[in-house]
Amino acid sequence: MDYVKCIQRTLDYIEENLDKQMTLETLAELACFSPFHYHRVFQTLVGESVMDYIRKRRLTNAAERLFYTDEKVVHIALDVGFQYQESFNRAFKKVYGVSPKQYRRAKSISGPLRGKSCLHSIPISGGEKMEPKIVTKSAFNVIGYELLTKNDNGQNNKDIPEFWQQYMTKNLGFKIPNPLYKHVELGICTDFNSETGEFGYIIGMEVEKGSQAPEGMVYKSFPELEYAVFTTPKSDEESFTASIQSTWNYIFTDWFPRSGYEHYGEVEFELYDERCYGSENKEIDIYIPVRKQRVKI
């Protein structure tokens with residue numbers, strides 16, 4: 001399956017329907033993906049979440065029309081998908097710092113203007129492929145610390161590293177009661193909200209079912225699922241983060257398109273153990289829930 005063509009098809013649809021309500025589910029169906037798989041692929045190829053992209057394109061379209069035309073503000077608001085002028089005014093001012101009427105009186109067009117994305121096919125190199133292990137992981141339970149973040153404007157890319165830094169600096173792992181595996185920590189993305197882009201990120205350890213979480217921590221259970229497990233390339237301290245990021249990119253731009261699998265479920269996690277201690281030959285495992293790709297009729 002050509003992932004670039006699938007996502008480009010939805011980008012074209014978005015552009016032609018900025019005045020209409022669009023849902024993640026509708027766009028995923030157009031791309032022939034499950035909703036969560038579509039969300040992850042779109043974010044990898046375009047660089048931002050689909051709902052964030054739509055919001056930016058609508059407000060850019062509105063800014064251009066405010067500056068270059070004499071159309072009424074209420075008409076522009078309706079044409080870019082806002083049901084009420086008041087909600088449009090609030091959204092516009094939040095991004096551009098001024099009201100739509102003030103923007104219209106400006107001497108030059110300015111602010112964050114998001115152009116339409118046009119993707120190009122990604123050549124698949126003939127080099128070494130990072131093939132995962134396909135494993136079934138039994139249902140498991142975790143106690144840990146939870147952060148609520150969102151992928152709006154890359155906020156999660158700032159929040160999660162800071163969360164890990166706090167976790168390590170304060171040695172919070174030692175406070176998790178009775179872990180099954182003392183030197184194995186999980187970084188879990190879960191509870192994704194397709195409308196707001198919000199999701200939970202948990203740093204924790206596996207525990208027995210029914211364990212009680214101390215104050216300030218959470219207890220979560222996850223079902224048995226089939227996972228594709230990728231091991232990041234061995235790297236030193238300086239390149240460790242980059243090796244993790246490049247592995248995530250590889251999963252969605254190279255492996256998934258030729259694998260016959262799709263992302264399944266709304267949980268994925270990184271596993272950190274003794275292999276990432278020290279400053280050399282550091283590596284982790286990335287667990288992606290998968291199922292065989294459905295045939296669209």
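1. Start with H1 against H4: Leu-11, Ile-14 and Glu-15 of H1 touch Val-50, Tyr-53, Ile-54 and Arg-57 of H4. Contact here means heavy atoms within 4.5 Å, and helices (H or I, at least four residues) are DSSP runs numbered from the N terminus. Sorted by class, this contact has five nonpolar, no polar and two charged residues. Ala, Val, Leu, Ile, Met, Phe, Trp, Tyr, Cys and Pro count as nonpolar, Asp, Glu, Lys and Arg as charged, and the others, Gly among them, as polar.

2. Before going on, a word on the model: it is predicted, with local features needing pLDDT of at least 70 and side-chain atom pairs counting only at pLDDT 80 or more, while totals for chains, interfaces and linings use all residues. Residues are numbered from 1 along each chain as its sequence is written, and side-chain values use heavy atoms, with hydrogens and water left out.

3. Axes are lines fitted to C-alpha atoms, for helices over the stretch in contact, and angles run from 0 to 180 degrees between N-to-C directions. The H1–H4 crossing is right-handed (the near helix is turned clockwise from the far one by less than a right angle).

4. H4 also packs on H6, at an angle of about 90° and with the axes 11 Å apart. H4 and H6 are therefore roughly perpendicular to each other, a label for angles of 65 to 115 degrees. On the H4 side the contact uses Arg-55, Leu-59, Thr-60, Ala-62, Ala-63 and Leu-66, and on the H6 side Phe-88, Ala-91, Phe-92, Val-95 and Tyr-96. That comes to nine nonpolar, one polar and one charged residues.

5. The second largest pocket brings H4 and H6 up again: H4 (50–68) and H6 (85–96) are the elements that give two or more residues to its lining. H4 gives the most, with eight residues. The pocket holds about 910 Å³ of space and is lined by 30 residues, with Met-51, Arg-55, Leu-59, Phe-82 and Ala-91 nearest its centre. By class the lining splits into ten nonpolar, ten polar and ten charged. A pocket is an open set of points on a 1 Å grid over the protein atoms alone, with protein on both sides within 12 Å along at least five of seven lines; lining residues have an atom within 4 Å of a point.

6. There is one cavity of 30 Å³ or more, meaning points where a 1.4 Å probe fits but cannot get out. Volume is the space filled by probe spheres set on the points, which are joined across faces, edges and corners. Among the residues lining the largest cavity are Met-51, Val-50 and His-39, and the lining has four nonpolar, four polar and no charged residues.

7. Lastly, H3 (residues 35–46) packs on H9 (residues 240–259) at about 110°, axes 10 Å apart. That makes H3 roughly perpendicular to H9.

Key:
Parallel < 35°, antiparallel > 145°, perpendicular 65-115°, else oblique.
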